[in-house]
Each structure stands twice: as C-alpha cells, then as structure tokens.
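Work through the exercises below with the model open beside you, and try each task before reading its solution.

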There are 2 protein chains.
Amino acid sequence: MSKLRVLNYSISTDGYGAGPDQDLDHPLGVGGRSLHEWAFATRSARQMFDMEGGDDGVDDQMWRRGETGFGATIMGRNMFGPIRGDWPDESWQGWWGDEPPYHHPVFVLTHHARPSFEMKGGTTFHFVTDGITAALDQAREAAGDDDIRLGGGASAIQQYLKAGLVDELHIVVSPVFLGRGERLFENLDGGPEGLEIAELVSSPLATHMRFERPTPA
Amino acid sequence: MSKLRVLNYSISTDGYGAGPDQDLDHPLGVGGRSLHEWAFATRSARQMFDMEGGDDGVDDQMWRRGETGFGATIMGRNMFGPIRGDWPDESWQGWWGDEPPYHHPVFVLTHHARPSFEMKGGTTFHFVTDGITAALDQAREAAGDDDIRLGGGASAIQQYLKAGLVDELHIVVSPVFLGRGERLFENLDGGPEGLEIAELVSSPLATHMRFERPTPA
C-alpha cells in the first residue's frame, strides 16, 4: 500500500514550522523563509529556479529525495493560500503560478467546498471537506502504487500524526529561532505515537531527522 | 569577564528538556532519561561511572567540553531536588550523593532561604533568594576567571535567556518524543534574542547546536 510521508518539513530550533501572520507577502509567515535557507542553498533546488551553483551534499540529497516518487499530495488550506473562511470567488489558484511544482493530484483540506481545477503540468487541485481520512482515501486512489506526500502545514500534519496515519516523518531543524508562529509538535495530546528514528544526519545548515513507523513483521 | 554558558542541555525532538511529574524516582521527569541516551553512550561519561567502553566521537567531545573549565554553577531549584515550597528541614542535599560532580560553588535559585553547606570534593551549595541577577553576580565573584555553567532546568534557562544574559547556549536534540513535560523554548516572549549559530554537528544519537552571543567588536 502506498505510504503517507512528510518530507523536508522545516522547523526552527524552537519548534515552529511557519512564522506568524501569514499573508500574500509572507506565504511562510513572518520570518518563515529563514527555515528554508538550507534548501535554497542546494544545487537541486537552485536548478529548479534556473540558478547556478549550490551545494550537493546531504541537504541536496535529502531535498531531492522529497521531490520524487509521489503520486499525490495532501495539504492544509493555509498551505494552499492565505484566504480564510468562504472562498470569495475562484480566482485564487495557489502560490505557485501557472505551473505548480506538483504534477499530480493535490488534495486540499478545507471546510469550504470548491470545484476541482487543473493547472498546467498536470497538477489538479481537489478540495476535500469531509476530513483527513476521506482526503487520504482519495489520495490513495489517485496515487496508485506511488506514495502520498503530506505537505503541511503544521495543523494538517498534527491531525494525521494524532490519527496515527503518518508512515514517515522527515523534519529538518534549522539553526534559527522564530519565537512565534505555528508549532509543529503541538495539539498532539502526547507525542506522535509509534514513530521511531530511522536516520539522523546534519550539514552546517540543518539537521535531518527521519522517523518511520516500523513495518509489522 | 567570565561567560555564562549552557552546555549539553538535552531536549527531545518535540522540545522538552525534562519529562512531567518529577519526583525522587524520576529526577528528569517521566521519560526524561531518554533525552540523555547519547551521553550515557560516551566513553567519558561511562568512565565517570566506572564503566568500560563507550563512543569517543562527537558526542564524547561535546560532553567533555561541557564538564571542564567552570568556576561556578547556577541551577534552578527543581534541578537541585524534588522538594517544592518551604524546606521541611535541611536533610535534602541534592541528587548526587556525598560527592557531587561539581567541585565548585553551586548557586541554587529559590524563593526559600536556606544556609549554605559544603559537600565532599569541594562542592558548596548556596541558596539565592533575590533573583537571577544576584545569583549571577555571586557566581561571577566565585568563579574568578573561569566561566559559569548554567545547568538548568528549563525555567532557569528561560529566565536568563529572556534577560539576555546567556553567552553560549549548547543544546542537544535527541531523536525521541516526550509529548509532555518542561519545554525549553517557552515563556520567552519571542525567541532568545542575539544568539547566533556557532556550530552544528550530529551523531546518529544526537544533534549538537551551539549558539553564541557575538562578541562586540
């Protein structure tokens, strides 16, 4: 069965996955960009933006690992955009321009229904209003044999962790402090049960910790 | 001037420096011992307990770095013991037996006065009731040219961080989740101001992040 995996999810040393006050100019919240400096320094991420140079060490390997082999993505509504409450119209189509980097079906968790739509490059956005399990079922159906990436944000990941549905949790701890924002490990009524450390590596810019759910024998 | 330094302060991946429900049987709170597995695996820490073997890599180097060169220690009352409120008597002399591993003056932050006393090996415990700045002044006086180690717990470190008095913050992130307990980066009204990353290294058991206050030019 395809796995539900969180990849390259960056948090600050004080635990925040995004800064406060997300808006059009701050998709990652105020200060949130600093969490991703390690990614912006990798060769693969730079190539994606047609920039030269970049590091090809452990950060690069981990970044690439998180970008391939997925048949569907699930994300929370705040990762899709800054709009809260009812959709005023259908003009908002995500942060990513005409051709989002997903190239597969993306399931957006929301309380507010909206028709699916397709973008250039094979990304289709679907809006799921009946909860995280329904979204996972639809993503599995869409992904076939491929895995499903759980993109974020913090609240979406918390809900899947709490339900015990996450098979891999790869977080990247950046050596910065945000002080405020969206904490990843919050609202869990305890820790994320059942995940065990599978890999711990670091570069001067970031620490990668991969937790996995042990496969039943 | 001698520096105030936090060394080898272990936190879980979800940010806890100690588990909940500290008592006589759980000096580090329930589950708190798992934060220190990396230290128990080092050659130097094992030698301290007359045990053979152990790893001599980065964890060992960092552990040793945190154990030498200090002329005084400051700690919060909960790190000194499980007793809350007034001291019922003077029988509690810390967790560490007859010969505590400090071998220098230790200043315990408390709201409840108590006479100083000396233990075998040169450790003297002093009880400071007039706040963190007074404790730091006394520790500086006692330490002379040596640095001062700020031992913990989370609350004591928070108070010094908030006051901008910490010169070095070395935390060790263990790849475990506690789910509950004492969070280190809490009650700070924002991040710890002015500390910048100086070193980031990891072993398979732990990540070491050293933050320092840049020395004014």
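**Exercise 1.** Which residue in strand 6 of chain B is the bridge partner of B:Phe107?

*Solution.* The model is a predicted one, in which local features need pLDDT of at least 70 and side-chain atom pairs count only at pLDDT 80 or more, whereas totals for chains, interfaces and linings use all residues. Residues are numbered from 1 along each chain as its sequence is written, while chains are lettered from A and ligands numbered from 1 in the order in which they are written. Helices (H or I, at least four residues) and strands (E, at least two) are DSSP runs, numbered from the N terminus. The partner of B:Phe107 in strand 6 of chain B is B:His126. This bridge belongs to the pairing of strand 4 with strand 6 (residues 124–128) of chain B, which is parallel and has 5 bridges; two strands pair if DSSP finds at least two bridges between them. Strand 4 of chain B also pairs in the parallel sense with strand 3 (residues 70–76) of chain B, over 4 bridges, and there B:Val106 is the partner of B:Thr73.

**Exercise 2.** Determine why strand 4 of chain B is largely enclosed by the rest of the structure.

*Solution.* Begin with the criterion: a residue is buried if 20 or more other C-beta atoms, placed from the backbone, lie within 10 Å of its own, exposed if 12 or fewer, and partly exposed in between. Next, inspect each face of strand 4 of chain B: B:Pro105, B:Phe107 and B:Leu109 are buried on one side, and B:Val106 and B:Val108 are buried on the other. Because 5 of the 5 residues of this strand (residues 105–109) are buried, the strand is largely enclosed by the rest of the structure.

**Exercise 3.** Identify the strands at the edges of the open sheet in chain A.

*Solution.* First write down the strand order, which is 5-6-4-3-7-1-8-11-10 for the 9 strands, with mixed pairing. Strand 5 (117–118) and strand 10 (196–202) of chain A stand at the edges with a single partner strand each, so one side of each has no neighbour in the sheet. Strand 5 of chain A pairs in the antiparallel sense with strand 6 (residues 124–128) of chain A over 2 bridges, where A:Phe117 has A:Phe125 as its bridge partner.

**Exercise 4.** How many residues of chain B are in contact with chain A?

*Solution.* With contact taken as C-beta atoms, placed from the backbone, lying within 7 Å, 21 residues of chain B are in contact with 21 residues of chain A. Strand 10 of chain B gives the most to the side of chain B that touches chain A, with 4 residues.

Key:
Contact = placed C-beta atoms within 7 Å.
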